[in-house]
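My notes follow in the order I looked things up.

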2 protein chains.
Amino acid sequence: MNNAGGVRRKVVVVGGGFAGLYAAKSLANTEVDVVLVDRKNHHTFQPLLYQVATGVLGPHQIAAPLRAVLRKARNTHVLLQEVTGFDLDRRVVLLSEGELPYDYLIVAAGARHSYFGHDEWAAHAPGLKTLEDAVDIRARVLSAFERAEQAAFVSGEQPILNFAVIGGGPTGVELAGMLADIARRVVADEYHSIDTRKARVLLFEAADRILLVYPPELSASARRQLEELGVEVLTGTPVTAVEEGRIRVGEEWMPTAATIWATGVAASPLGRMLGGETDRAGRVAVAPDLSLPGRPEVFVIGDMASLKDAEGKVVPGLGAAAIQMGRTAASNILHDLQGNARTSFVYRDKGTMATIGKHRAIALIGKHQISGFIAWVLWGIVHVFLLIGFRSRLAVMREWMWAYFTERINGRLITTPGEVSRQPAQANHAAREKR
Amino acid sequence: MNNAGGVRRKVVVVGGGFAGLYAAKSLANTEVDVVLVDRKNHHTFQPLLYQVATGVLGPHQIAAPLRAVLRKARNTHVLLQEVTGFDLDRRVVLLSEGELPYDYLIVAAGARHSYFGHDEWAAHAPGLKTLEDAVDIRARVLSAFERAEQAAFVSGEQPILNFAVIGGGPTGVELAGMLADIARRVVADEYHSIDTRKARVLLFEAADRILLVYPPELSASARRQLEELGVEVLTGTPVTAVEEGRIRVGEEWMPTAATIWATGVAASPLGRMLGGETDRAGRVAVAPDLSLPGRPEVFVIGDMASLKDAEGKVVPGLGAAAIQMGRTAASNILHDLQGNARTSFVYRDKGTMATIGKHRAIALIGKHQISGFIAWVLWGIVHVFLLIGFRSRLAVMREWMWAYFTERINGRLITTPGEVSRQPAQANHAAREKR
């Protein structure tokens, strides 16, 4: 399996999201040695994060330990470490402790949401990118119902209960739909002092329609479906300030029981450390073979990369694109070693979809636009099959079927971090740094 | 359904553990109004906490939202609040915000572990009473493997990897057995720089045998079974100090990668606020009808109560006893209202058991002592049927069967609290207090 020279080349992959993980999987048990570095020990299946945030699934049902996924890759090491930068001339990745030399580097550190220069809003309106975010949002939403119940129990009056979702992209639409579903059906018989069906779910979008990446007909359909669920869809309505317990809409302040941030994209700051050209969101411009221009041994893939593919299509920031990029970067490395020419990346659009509460969804597959129940069934099938690891698929299917037939969801826990531990927030980071 | 006078009596239940929850369930849709107060929104099935701490089950598989369990109890309100004390003369429960009047009070706030006056050890050796504790321990154990892998990746040498479990009661035995099982089998093929089978799992017990509440033969059998799994059982060996990364055993310091506290009992401080007689662990002495002597309208039940039952048996601090006390306290209230005499509590010992890794357990059922595989099967059946809520049972059974047949466990996530939120640690408490 060794390459001609007998020296095994070192590939360092930064990030265990879709792009990095599929790059590592594609290099498993090949002629190179691989080190996958991530701050977390698990891959997170981001398309289902909103289901953890709303209590439908538990965190471990949409995550898989990276080591477990890669345990049969004997040429692969997983390192739980923080990457702090690069020295591209010396070909080393800088870690919070030490450094990692490479022959090839694949950078796939992803993106987060951006607060458009208002990072102080983060404390009042969490976004949804990690399991921790999802558990945080779940606690905020459930606590909002609890506070209302408590107030009503004392005063006998139903307090205002507004849930604000900021951003009408897929995440915002999915969150808003699920929140409305929960308030109207799931918890309606559990609160005996308030009527949870009177809770308002408001979806704010600055543009003139939601789901901008879809054709206008599907946007309109999604809007109708959201409104059927009771969501108030406010397009052309930017939120101009966020504080604890309220948001500013135009010149008016509106009280909110929970605010969720679902807009803006900011690529990992590692992108700018590569020294190449980046766009406003910090995404790195890459060559058709996914390498950093001028640095053929460095690939940038996934949500961090910005490119038009070989057919001129802008590659979207989707899991499916990230997976495809991971595979292309890996195969280009193997092409190099085998003396073959690299291939240019071509994005295969297998369709995009978004769910809207229970029973509803929209899907765009090629030119086909699908709405409603059939789109929702399609969505379920596709996402179960995309889930990493056979077992999670079964568990998630069972959980969904349970939720579907019983109208109950079971992950509704308000948990607060380790109450015994003195430094829970960064316990494992701290422990690592103390060594 | 109203009682003779037409005025519905108010029953306040403090605590949603086994005792409080079963008291509330027994009072569901009866002639009284019930308020169940808890700091958490969920019941935690404590006997399976160690499975969350070791990554076999996810948190939501052993927890049920209290509102969901009690949703059909139309006479019952669940309040997510902190109880700060009592005014027994005015018959009110004091809350962190406001107070709750009662006609009958059932106090079932449970117990935690005690550090024997060394609360500073808690930061270095968490105990296992809540879901948060379990997630904390899980992160510490997994991080220990990660740190070792990282050190070995750099140095090429296997570092010392000691897991110390302090306390040889059922929790300590279950944790130690499961940790050994994980190190020797579950993760053995996932770490490519260290041999996890060389990790040491040490179980420290100050007394001369583990599982003191069982007959000596079962203690000896449990010890043999633990040793077969590779656990080093150190009886007659008190741990005299705990610091970050090390413990003192006799006069020697031993380095530890993770230390878990599994000994000591301290009843909720609410016990001492009731003004009655308490034992050294803070448990409240109660009358045979489970009421506080001199306060027939106040019941103290579960791990907070200390009593010999009507047949002279000391009632143990077990879930089964707590459930039975909850039912007796509830029925004694109803007896009062119906003009009947109260009944004295009699503990029905249906047996006790402890698992030891995979395949192994001990059980004591009446005079019958059972060890090994049969005890383990019995344990599984009993615990699945005790789980609250039909759905959790199915989910847990499936997860166990998966783990059993595939040798894989799936809950192995290292999660750290909400990284976006500025004040994650007490987010929902803080939010509540800000209102």
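Predicted model: local features only at pLDDT ≥ 70, side-chain atom pairs only at ≥ 80, totals over all residues.

**Salt bridges**

I started with B:Lys313, which forms a salt bridge with B:Glu311; the closest N and O atoms sit 2.9 Å apart. B:Lys313 comes out as partly exposed, because its relative accessible area is 31%. Next I checked for shared partners, and found A:Arg67, B:Glu146 and B:Glu149 joined into one network by their salt bridges.

How many salt bridges are there over all chains? The count comes to 46. As a reminder to myself: side chains of opposite charge can pair when their charged atoms come close.

Then I looked up A:Arg91, which makes a salt bridge with A:Glu297, with 3.4 Å between the closest N and O atoms. A:Arg91 is in the loop between strands E6 (83-87) and E7 (92-95) of chain A, while A:Glu297 belongs to strand E21 (residues 295-300) of chain A, so this pair ties together parts that are 206 residues apart in sequence. Are the two partners buried or exposed? A:Arg91 has 36% relative accessibility, so I put it down as partly exposed. A:Glu297 has 8%, and therefore counts as buried.

Over in chain B I noted B:Asp89, in a salt bridge with B:Arg295; here the closest N and O atoms are 2.7 Å apart. B:Asp89 lies in the loop between strand E6 (83-87) and strand E7 (92-95) of chain B, and B:Arg295 in strand E21 (residues 295-300) of chain B, so these two also tie together parts that are 206 residues apart in sequence. B:Asp89 counts as exposed because its relative accessibility is 64%, and B:Arg295 counts as partly exposed because its value is 24%.

**A three-stranded sheet**

I moved on to an open sheet in chain A, where three strands run in the order E14-E15-E16 with antiparallel pairing. Which strands are at the edges? They are E14 (239-243) and E16 (252-255) of chain A, each of which pairs on one side only. From one strand to the next, the twist averages 25°.

I then zoomed in on strand E15 (residues 246-249) of chain A, which is antiparallel to E16(A) and joined to it by four bridges. I picked out A:Arg246, whose bridge partner in E16(A) is A:Pro255.

**A threonine in chain B**

I found B:Thr256 in the loop between strand E16 (252-255) and strand E17 (258-261) of chain B. It counts as buried, because its relative accessibility is 10%. What does its side chain reach? It gets to the backbone nitrogen of B:Arg246 at 3.5 Å. The side chain of B:Thr256 also has a polar contact with the side chain of B:Thr259, at 2.9 Å.

**A hairpin, then a patch**

A:Ile365 stands opposite A:His368 in E25(A). The hairpin has two residues between its strands, and A:Gly366 takes a positive phi near 60°.

My last stop was helix H8 (residues 373-386) of chain A, where I found A:Ile374. A:Ile374 counts as exposed because its relative accessibility is 59%.

Key. Residues numbered from 1 in each chain as written. Chains lettered and ligands numbered in written order. Heavy atoms only, no water. Buried < 20%, exposed > 50% of the residue type's maximum accessible area, 1.4 Å probe, protein only. Pairing = 2+ DSSP bridges. Axes fitted to C-alpha atoms, helices over the stretch in contact; angles between N-to-C directions. Polar contact = N/O pair within 3.5 Å; in protein donor to acceptor, adjacent residues only side chain to side chain. Salt bridge = Lys/Arg side-chain N within 4 Å of Asp/Glu carboxyl O.
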